[in-house]
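Biologist: I am new to this structure and would like to go through it by question and answer. Please show it first.

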Amino acid sequence: MDIKTLGHYIDGQWTGADEALESRNPSNTDDIVARFPDGSDDDVARAVAAAKQAQPGWANASPELRSDVLHKAGEALFARSAEIGELLAREEGKTRAEGLGETLRAARIFRYFAGEALRRHGQTLESTRPGLDVATYREALGVVGLITPWNFPIAIPAWKAAPALAFGNTVVLKPANITSAVAAALTEVLDEAGVPAGVFNLVLGRGDVGRAIVDHPDVAAISFTGSQGVGSQVAQATVARQARVQLEMGGKNPLVVLADADLDKAVAIAADGGFFQTGQRCTASSRVIVEDAIHDRFVAALVERAKGLKVGSALAEGTQVGPASSESQFEQNLSYVDIATGEGGRLAAGGGKIELDTPGFFMQPTVIADTNPEMRINCEEVFGPVVSTVRVKNYEEALAVANMGDFGLSSGIVSNDAAKIRDFRKNVRAGMVMVNLPTAGVDYHVPFGGTRGSSYGPREQGFAAVEFYTQIKTVYTGD
C-alpha cells in the first residue's frame, strides 16, 4: 500500500512535510501508513497566530457561511466514507465496518452542527428597571485548541471541531500520533469544503505539540480527550492562565446484570460493550457485576462468546475484533492480565497473544472471573478486549460496587425489574446510563460526559456543546 507523506496544515497551506515520525498498520507492522513531521513550538505559534487573525472574520461572517462549510464537509465525508473508513481501519486497527461506521458518524456530526450554526440564540428579558431592555447573546471564545486521542480518530476531532467552528471559533488541532493520516484526511475534507485560511489548523507531532497549544496565551480554550494523568496536567496549565478547559478522561464502566435478566441478551450486551472495537472505547463495559444466582452461568456463556469471536486483520473479511492500536497498548493489555491473575482473578478465557500471517498486535478476547471490586483490574482503565466479572449477592451490593472507583463515565443495567431499573438510573454515579444496552454506543446529538474523574467541564456533543464553545454577553439598552 502507498505510504503517505503528511505535513502540518497552517493558514490554509500544507507545510513542513518530512519523515521524522511514522504511523504503522497494527494489523501488519511491516506496513507503514504515513510519515509526518514532529511539530515544534514554532509550528504551534504559527498555527495559533493564523487562527487568531482569522477568528474575527469567521465569527462575524453570516452564520449561513459557517453552516455551508460544515454541510459541505459532512457531505464530503459521506462521499469518501469507504475510502476514509478503510484508512482508519488500516491505521488504527478497527475493523473495516467499524472504520466505516465511525466515518459516517463524523459526517453526521458535521451535518448536525451545520444546522446548529444557524441556531445560536440568546434571550430577551424584562428588566427590573422601567425603560430598560435586556438581552443575552452567545459569542465565540476565540482560538480553541483541540487535543484528541487515537481510539476515535475522526469522530472525536469531528465532535470537537464542528461545534467550535459552527459557533465562530477558530481551531488548532493536535491529533494522536499514531492516527495522523486520519486527521490529515479530515483536514483535507475541511479544506475542500472551503474553510477559510487560518480557521482550521492541524499541527502533527508528539506530546510537546499539545503542551505548546495548552500553554499558548492566545488559545482561549482547550478541549482534551485522553488519560486522567495528562488531563490533570492540561487542567492545571489551562486554569493557571485562566483559559477555559474541557476534559474527557475515560471510564471503568460497570455493567450490572441482575438475576431476572434474559441471559442471552445479557451476554450479548456484555460482549458488545467489552470486546468490540477491541475494547478500545472509553465507554467499554470493562467490569461486569453479576448477581450470584446467575453468575456462573453468565460467565460460562460469556466465555463461549469470547472464544467464538474472530480476531484478525482489520481489513480482512469476517474479522470481528481487530488488533490493539499500538505495541504499547498491546503490552499494557497483556500486563493487566498478569496483574489480575496475580491478585487472585481466574483467567476464564483468552489472555494471550494470537499469531497470524502478518505481524500485528492481536489479542484473544479475555474474561477474568472471580475478581473483587478492589483489584486493579476493576479500578484502572485497561483499554483492551478484557472483561472482568464481580459476583454480588443482590441489587443493593451491585449498585454499591458500580459506584466504587474514580471513574463515572457510562454505566449499564440488564434487568426486567422496573423498580430496580429506576433506582439504578437515579442512584448510579455516572454521566450516562444504559438500560438493557451496552455501555458503549452513544448518539451524536445528545450530551456526552461523566462524573468524578471521567470528565471535567461542560458536556460535549449535541445541544450541550454550545455551553463550552460560546460565552454569554448580557446587553442592557435604555431609551
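Biologist: In which sense do S16 and strand S17 (residues 386-392) pair?

Modeller: This is a predicted model, in which local features need pLDDT of at least 70, side-chain atom pairs count only at pLDDT 80 or more, and totals for chains, interfaces and linings use all residues. Residues are numbered from 1 along each chain as its sequence is written, and side-chain values use heavy atoms, with hydrogens and water left out. Helices (H or I, at least four residues) and strands (E, at least two) are DSSP runs numbered from the N terminus, and two strands pair if DSSP finds at least two bridges between them. S16 and S17 are joined by four bridges, and their sense is parallel.

Biologist: What is the bridge partner of Arg346 in S16?

Modeller: Strand S15 (residues 346-349) runs antiparallel to S16, with three bridges between them. The partner of Arg346 in S16 is Ala369.

Biologist: How many of the six residues of strand S16 are buried?

Modeller: Buried means under 20% relative accessible area, exposed over 50%, and partly exposed in between (1.4 Å probe, protein chains only). S16 is mostly covered, and its buried residues number five.

Biologist: Is Ser454 buried or exposed?

Modeller: Ser454 lies in the loop between strand S19 (432-435) and S20. Its contacts (heavy atoms within 4.5 Å), leaving out residues up to four places away in sequence, include Gln228, Met249, Asp406 and Leu409. Its relative accessibility is 0%, so Ser454 is buried.

Biologist: Which residue has its backbone oxygen 2.7 Å from a polar atom of the side chain of Ser454?

Modeller: Beyond four places in sequence, Ser454 touches residues including Glu248, Gly250 and Gly251. The backbone oxygen at 2.7 Å from its side chain belongs to Gly250.

Biologist: Where is Pro458 found, and what is its relative accessibility?

Modeller: Pro458 is in the loop between strand S20 (455-456) and helix H14 (465-469). Not counting residues up to four places away in sequence, Pro458 touches Val245, Gln246, Glu467 and Phe468. Pro458 counts as partly exposed, with a relative accessibility of 31%.

Biologist: How are the planes of Tyr9 and Trp14 set, and why is the pair called tilted?

Modeller: Rings of Phe, Tyr and Trp (its six-membered ring) pair if their centres lie within 6.5 Å; planes under 30 degrees apart count as stacked, over 60 as edge-to-face and the rest as tilted. The whole structure holds eight aromatic pairs. In this one the ring centres of Tyr9 and Trp14 are 5.1 Å apart, and the pair is tilted because the planes are at 55°.

Biologist: Which residues do ring pairs link into a cluster?

Modeller: Tyr112 and Phe113 make an edge-to-face pair, with 4.9 Å from centre to centre and 90° between the planes. Both Tyr112 and Phe113 are buried. The cluster linked by ring pairs consists of Tyr112, Phe113, Phe167 and Tyr444.

Terms used: Polar contact = N/O pair within 3.5 Å; in protein donor to acceptor, adjacent residues only side chain to side chain.
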